[in-house]
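Subject: Structure handover

Hello,

Here is the structure I promised to pass on. Please open it first, then read my notes below.

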Amino acid sequence: MGVHILSVEATEPAAVIVLAAGAGTRMKSAKPKILHEIGGRSMVGHAIAAASGLEPQKLVAVVRHERDRVVEHLLEIAPSLIIADQDEVPGTGRAVQLGLAALPEHTEGTIVVTYGDVPLLTTSLLRELVAVHEVDENSVTVLTALLDDATGYGRILRADDGTVIGIVEHKDATDEQLAIREINSGIYAFDAAVLRDALAQVTTDNAQAEMYLTDVLGIARRAGGRVAAVVTGDRWQVEGVNDRVQLAALGAEMNRRIVEKWMRAGVTVIDPATTWIGVEVALSNDVTIKPGTQLHGLTAIGTDAIIGPDTTLTNVRVGRGASVVRSDATDSQIGAGATVGPFAYLRPKTDLGEQGKIGAFYETKNVTIGTGSKLSHLGYAGDAEIGEYTNIGCGNITANYDGVNKHRTVIGSHVRTSSNTVFVAPVSIGDGAYTGAGAIVRKDVPAGALALSIAPQRNAEGWTVAKRPGSASAQAAEAAH
């Protein structure tokens, strides 16, 4: 027994059948188990990605629980997927039989069977399984793993020549068999004809009244076929999820591998333990990620960018040399050399140009900000277009909503706005214009103009002493005279 290491490439299998029918009751969730996510992708999405990497001629998913919801998700991620419905007959053997029936009649070649709740399984391990299966001309090849504690798993029984003679379930194993560390993952490569013939012989005549897929191994061997195994020392790749504890454990392990991959690719991660990176995130070399950072979706970070600490980016493109500090951004773009934060909130369709700035306690939405323009602190910009090298003062707001409709604010280039300016949309500010402090801009401002909305200041002398007698303020005012 040993781990196969092959240089030969596997051929494209005839089909991969992904079993995705289970209810997953131990998750205690209204959401189907296989739709729960780790690494920014559903568990069944991971399974489909690993299977698709084999480039099979056909890809089949067997479904049952929450059928319509699961199918909708599956067809979103794999439009050419073949759907097979499991019936009332229980067991993995029956599920595979129905998956096989969904394929063209008399399909020949290799059939791979895997599961929708084994999210860390990789294409490379499946490819090794197929390669061993085909090179050795096996009837069945089972993927197995070596565990220090195999409690609860079916044990692999081998003949003296190393071939597999059967699988014994934990509850049925003898003391000698319980000492075996090699366990059945439930993931297989089958010869299609062997699988079809053997499944026709599998019955539900057992204590669980189920069609066991494991029965195929004994049937194939009795028919003179060779049954073998590929052993992986990486138990995580065959680990399934049954409850939320396991979901969290596999999620943490997946994240550890993703973070390590990026560090080896030239990314600095200050604290891997508090950094979370999704499977579809793309990072360039010399990116620095500080503690407490989460990168999700299709986020892509350019060279020399600094992200974090305490930052969450979802579907955000960050340009070379940009910096994002203690901020949250979604579906946005941050240009090269730009800075964001601390405590900025970039809502969808925020496009910050090169060398631009969105500063402390700023919220943006559906706004385009030109090269070198700055929104430094304490404001809101929504449904707006801001030109180049414009400086938006502290406390500025684009009042974009009239209670029924959203309206747009257009601010030109090289504009200077003073503190607490409110732009009542729709309104346009020309290039090079200024606004005065506290201005409420309701009309368009021509290029180069100064917009003011000032009421004369009036001081009511003696008001504090008269209206707040005996207060600390009144005492201070009297002392000042």
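Leaving aside neighbours within four places in sequence, which residues is valine 216 in contact with? They are Val140, Phe190, Leu195, Ala198, Leu199 and Val202. Contact means heavy atoms within 4.5 Å.

Before the rest, a word on the source. This is a predicted model, so local features need pLDDT of at least 70 and side-chain atom pairs count only at pLDDT 80 or more, while totals for chains, interfaces and linings use all residues. Residues are numbered from 1 along each chain as its sequence is written, and side-chain values use heavy atoms, with hydrogens and water left out.

Overall build

The protein has ten helices and 35 strands. These are DSSP runs, numbered from the N terminus: helices are H or I with at least four residues, strands are E with at least two. The radius of gyration, taken over C-alpha atoms, is 32 Å. The C-alpha trace spans about 105 × 50 × 45 Å along its principal axes.

Of the 481 residues, 47% count as buried. Buried means under 20% relative accessible area, with a 1.4 Å probe and protein chains only.

The cores

A nonpolar core is a set of buried Ala, Val, Leu, Ile, Met, Phe, Trp, Tyr and Cys residues joined through side-chain atoms within 4.5 Å. The largest one has 70 residues. Val216 is among the four that touch the most other members, along with Ile111, Leu195 and Leu213. Strand 1 (residues 15–20) gives the most to this core, with six residues. Another core lies apart from it and has 54 residues, including Ala305, Val316, Val415 and Ala451. In soluble globular proteins, nonpolar side chains tend to be buried together.

Two places to look at

Find threonine 144 in strand 7 (residues 140–146). Is threonine 144 buried or exposed? Threonine 144 is buried, and its relative accessible area is 0%. Not counting residues up to four places away in sequence, threonine 144 touches Ile156, Glu182, Ile183, Ser185, Ala229, Val230, Val231 and Thr232.

Then turn to helix 1 (residues 43–52), which is mostly covered. Eight of its ten residues are buried. Among them are Met43, Val44, His46 and Ile48.

Best wishes

Methods: Rg over C-alpha atoms; globule rule 2.2 N^0.38 Å. Buried < 20%, exposed > 50% of the residue type's maximum accessible area, 1.4 Å probe, protein only.
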